[in-house]
Amino acid sequence: MSEPADKPKRELELDQAADAAEEQPAAKRAKTAADDTAADAEQAAAAEADADLEEDTEAAAADAVNGEVGEQAAEADDTEQAAEADDTAEEQAAAEPVKLGYRTFKSASEASDYIANILKKAKPGENLNEYELLLLLDLLRKGHPRASEKLAKGIKGIQVGETRVGGTTSSCFHIQALDGSLEDFSYRKCLLALFPG
């Protein structure tokens, strides 16, 4: 008889389990939905944290690269500035560019080479062309210590001629005055005054 007595007890347990099972899906669904929402929120937070971490890592890497590049650029800038300061000091120690006639010369050697070429190519006794005349008159006025004295008789032209200096003969420029007289001048003396140092 113990079997029949166990049967109602067992049925009661089964009924209770069934009732609990019926109640459980609704509660379980609510709990599962809450768990899913919480899990989704956790995943979203984790994804956001990962994205922030990735951005921070990229930013840190970029800052490191930029820092190195920035340091290198700063060092390069310092080196460039030092070189520019040296160049500027040298340029200031050297003369500023000088305009003679229609032409500008950056250095004494550039001007000297150009004028020496005029001296070599010109035919002795012939007046120079207008371009060369303007250049040499400007040189004479700006650079010769006795320019006003040399130009006092007026100018008909400038030509190449020979001059005796210390027992030797050399070619040089001569100012042809309006009265036909010739007065020599040293273009090197003029350049030394215009480009000191």
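Author: What follows takes up the paired strands, after a short note on the model and its setting.

This is a predicted model, in which local features need pLDDT of at least 70 and side-chain atom pairs count only at pLDDT 80 or more, while totals for chains, interfaces and linings use all residues. Residues are numbered from 1 along each chain as its sequence is written, and side-chain values use heavy atoms, with hydrogens and water left out.

The protein has five helices and five strands, where helices (H or I, at least four residues) and strands (E, at least two) are DSSP runs numbered from the N terminus, and their order along the sequence is α-β-β-α-α-α-β-β-β-α.

Strand E3 (residues 157–165) runs antiparallel to strand E4 (residues 168–176), and nine bridges join them; two strands are taken to pair if DSSP finds at least two bridges between them. Val165 has Thr168 of E4 as its bridge partner, and the hairpin that E3 and E4 form leaves two residues between the strands, with Gly166 in the turn adopting a positive phi of about 60°.

E4 is also joined by four bridges to strand E5 (residues 182–185), again in an antiparallel arrangement. Here Gln176 is partnered by Leu182 of E5, and the hairpin of E4 and E5 has five residues between its strands, among which Gly180 takes a positive phi near 95°.
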